[in-house]
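Welcome! Have a look at the picture first, then read on.

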Amino acid sequence: MKRTALLTVAEMAQAENLTMQAGTPGQVLMERAGRAVAEAILARWITRPVAVLCGPGNNGGDGLVIARCLSEAGWPVRVALLGEWSAFKGDALTQALHWDPASCVPVHPDALEGAGLVVDALFGSGLSRPLGEVAARTLQAVAQSGVPMVAVDVPSGVFGDTGVDAGAVKTSLTVTFFRKKPAHVLMPGRALCGEVLVADIGLRADVGEFVKPAAFENTPEYWWADWPVQAGDHHKYQRGHALVYGGGVMTGASRLSARAAARAGAGLTTVAVPESAWAVYAAALNSIMVQPMKGTDSVELAASLREVLGDARISAVLLGPGAAGGLVRGVRPLVEVALASGRPVVLDADALSAFEHDPEALFTLIKAAHGPVVLTPHEGEFARLFPQAKTLPAHDKLSRARWAAHRSGAVVVLKGPDTVIAGPDGVALVNTNAPATLATAGAGDVLAGLITGLLAQGMAVCRAAAAAVWLHGEMAQAFGAGLIADDLPDQLPAVLQKLWQRPD
């Protein structure tokens, strides 16, 4: 099982049950989990008084192991219990027998007095309801005190499968086990987790044969082996030819996309533009070719685009960035031509908005297309293109993106600080490396161009989209503060050089 796999709460429980069925007792797993948290604490902080907040379930059992380990290491430890001692059962009860219940205090803000560190072992990732008043008030008191807090599995109040916040507060460190969960990578859960440490607690080695996760964190591990190889004897047409449609008014967007496609490795990149705008593009682009298109209305331009696509060497098409020039519905005939061409097609911005009043027409075109399709909506475009998704929980980004991919027949890149890339087969990746500086005009146009450039070189569609999203984040990080979209394409060579230098 890939280390980038994200396990749902149910999948993690299955992995643990398989391990116990193979002969490892649950109390051993609990001991390993608690010790892993204690070791992480000892590695990061010097000795200080610690308050361990324990819930009545297995998360609280982990907390009792942590309390015992820290006490054995010489730390002053106070255990605060939510509920009655008699509520412990199973493996948690076994751990409770190692602790004197008379020394415990109730979970309450007063339990934090004098603590220099707090361990949150109240609830695990399986919580599906808001925190109760006492737990919420106690955690808020921790946040107001400024004392660092360590969460076991996930911060209490964060839902493990969605990252929903139902009363959690930010932690300094979250220690989880075996694999991350969606809550560790999806907002707002990701922002509440602080540093995330994944500890090995000895689950059976063959668990991947039985647990088949469909979600992954987007890292090069997932797609780097499929990166397009540039052989020494290749010429430019063997490296792909990306075609970007450029509108006649908003000319900057498609120029950004074209530069990104070229930087991604496409051997040739062409911007096809209305004849009236040819001079604007030609004056601004050097290595990017500019193809004038005859016509003044959408029907004529669509016919001209069909002629351009008669060149069999064109291997991927991007439509949308700056395409409409204020006449969004006029983009529809262009989309129809692109989807009928059999090439991989990326639809962004205006190409999505063109179908907001008739999304079913777009989905029909996509399902009839002979090439793969990528849709790159932000949340506003997504809501307009997939209005039926309102029936799904608004906070469940993974489910919404998967549903949209299945409904449309396309790979859906649902953008945001936690961009989700979902395929029609249900596989989804969550991206985690995008800095806040990417919230700038034109950044999405660069992303669309990156995807197109990789598709032009023959990269598999879902992996191309995932690679582009990850590289987009790395490019922004490489530039740092003051980023504008124009800066992004020129950061790619250095980012790729670091990838090529990675050890196998």
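A residue counts as buried when its relative accessible area is under 20%. Keep that in mind as we explore this predicted model.

**A covered strand**
- Strand β2 spans residues 50-54 and is mostly covered, with five of its five residues buried.
- In a regular strand, side chains alternate between the two faces of the sheet.
- In β2, Val-50, Val-52 and Cys-54 point one way, Ala-51 and Leu-53 point the other way, and all are buried.
- Strand β3 (residues 77-81) pairs with β2 in the parallel sense, over five bridges.
- Within β3, Leu-81 is the bridge partner of Cys-54.

**Helices α10 and α11**
- Helix α10 (residues 298-308) packs with helix α11 (residues 332-340) at an angle of about 20°, and their axes are 8 Å apart.
- Angles under 35 degrees count as roughly parallel, so α10 is roughly parallel to α11.
- Their crossing is right-handed.
- On the α10 side, Ser-298, Leu-301, Ala-302, Leu-305 and Arg-306 make the contact, while α11 brings Pro-333, Leu-334 and Val-337.
- Sorted by class, this contact of α10 with α11 has six nonpolar, one polar and one charged residues.

**Helices α13 and α15**
- Helix α13 (residues 359-368) and helix α15 (residues 397-408) have axes 8 Å apart and pack at an angle of about 65°.
- These two helices, α13 and α15, are therefore roughly perpendicular to each other.
- Glu-360, Phe-363, Ile-366 and Lys-367 of α13 meet His-406, Arg-407 and Ser-408 of α15.
- By class, the contact of α13 with α15 has two nonpolar, two polar and three charged residues.

Key
Residues are numbered from 1 along each chain as its sequence is written. This is a predicted model: local features need pLDDT of at least 70, side-chain atom pairs count only at pLDDT 80 or more; totals for chains, interfaces and linings use all residues. Side-chain values use heavy atoms; hydrogens and water are left out. Axes are lines fitted to C-alpha atoms, for helices over the stretch in contact, and angles run from 0 to 180 degrees between N-to-C directions. Helices (H or I, at least four residues) and strands (E, at least two) are DSSP runs, numbered from the N terminus. Angles under 35 degrees count as roughly parallel, over 145 as roughly antiparallel, 65 to 115 as roughly perpendicular and the rest as oblique. A crossing is left-handed if the near helix is turned anticlockwise from the far one by less than a right angle, and right-handed if clockwise. Contact means heavy atoms within 4.5 Å. Ala, Val, Leu, Ile, Met, Phe, Trp, Tyr, Cys and Pro count as nonpolar, Asp, Glu, Lys and Arg as charged, and the others, Gly among them, as polar. Buried means under 20% relative accessible area, exposed over 50%, partly exposed in between (1.4 Å probe, protein chains only). Two strands pair if DSSP finds at least two bridges between them.
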